[in-house]
Structure formats: structure tokens, C-alpha cells
Amino acid sequence: MATRVMMQLLVLVLVSTIFSTHQVWGERDCYAEKNLVKQFCILTLAKGYDYFPPITTCSQVVYQSDTVCICRVLTREDEASISAAKLARLVRECGKPLPPVGEKCGSKYSTHYC
């Protein structure tokens, strides 16, 4: 009986540890950077409007961000309000790297339009 209780406790601890760890091994967390880029560059990235040159703070945020990671974690929900193509243009203009051709950029695969 004591062995069964210990096994249940061990399984409970193991499961809670798995679910409390939000980061996948080897994956860098850049969601905060993505949100900063969206916040400071909304005029440049907004869908439904022409590309607007970035303001200084937008360029600085992009320059300090891991743009390949941001492109990887861009979701369809993000793309409802911002354009992945405009993000790619902004990243290029700031001299930052884009994901290699064929890798995922948001909900699409990078062809370096993006």
C-alpha cells in the first residue's frame, strides 16, 4: 500500500514538473521581444495600410531583437493585425537576419519576400 502511494506521488510530481516547464528544450523564448516589436512598430507592420518607414524606437527595438526567433514564433493571431511581409522588409532594412529560405516565418514558409 505504501509503495502504491509513493508511486502515485512520484507520478504526480513528474506530471506537474512537465506541465510547469513552459519552454521546450533548446527553444529560446522571444515572445517578449515579439511583443515589443509589435508595440513599437505597429505603424510599419499594420495590415491594410502601405508600408510606413520605421520610427527610431522601432528600428532600435528590431536591432536589439532576435528576429529569426520572432519570425518563428509569429502566430496566425499576430498575423491578423500585422503583416509578415512587412516584418521581413523591416528586418532587412534594420540589417538583421531572416530565417533561411524554406523555414517557417509566421504561418508561412520563408521565401524571402519574407
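Let's start with a link between two cysteines: a disulfide, meaning a pair of cysteine sulfur atoms within 2.5 Å, joins Cys 41 to Cys 58, with an S to S distance of 2.0 Å. A disulfide is a covalent bond between the sulfur atoms of two cysteines. The link of Cys 41 and Cys 58 is right-handed, with 110° about the S-S bond. This pair links distant parts of the chain, 17 residues apart: Cys 41 sits in the loop between α2 and α3 (42–45), and Cys 58 in helix α4. Helices here are DSSP runs (H or I, at least four residues), numbered from the N terminus. Both Cys 41 and Cys 58 are buried, where buried means under 20% relative accessible area, with a 1.4 Å probe and protein chains only. Cys 94, in contrast, is in no disulfide, and the nearest cysteine sulfur, that of Cys 58, is 6.2 Å away.

Before going on, a word about what you are looking at. This is a predicted model, in which local features need pLDDT of at least 70 and side-chain atom pairs count only at pLDDT 80 or more, while totals for chains, interfaces and linings use all residues. Residues are numbered from 1 along each chain as its sequence is written, and side-chain values use heavy atoms, leaving out hydrogens and water. The protein averages a pLDDT (the predictor's confidence in each residue, from 0 to 100) of 81.

Now look at the largest nonpolar core, which has 20 residues. Such a core is a set of buried Ala, Val, Leu, Ile, Met, Phe, Trp, Tyr and Cys residues joined through side-chain atoms within 4.5 Å. Cys 41 is among those with the most contacts inside this core, and α7 gives the most to the core, with five residues.

Ser 65, in the loop between α4 and α5, counts as buried because its relative accessibility is 5%. Its side chain reaches the backbone oxygen of Val 61 at 2.6 Å. Thr 67 lies in helix α5 and counts as buried because its relative accessibility is 7%. The side chain of Thr 67 reaches the backbone oxygen of Pro 97 at 2.6 Å.

Terms used. Buried means under 20% relative accessible area, exposed over 50%, partly exposed in between (1.4 Å probe, protein chains only). Helices (H or I, at least four residues) and strands (E, at least two) are DSSP runs, numbered from the N terminus. A polar contact is a pair of N or O atoms within 3.5 Å; within protein, one must be able to donate a hydrogen and the other to accept it, and residues adjacent in sequence count only if both atoms are side-chain atoms.
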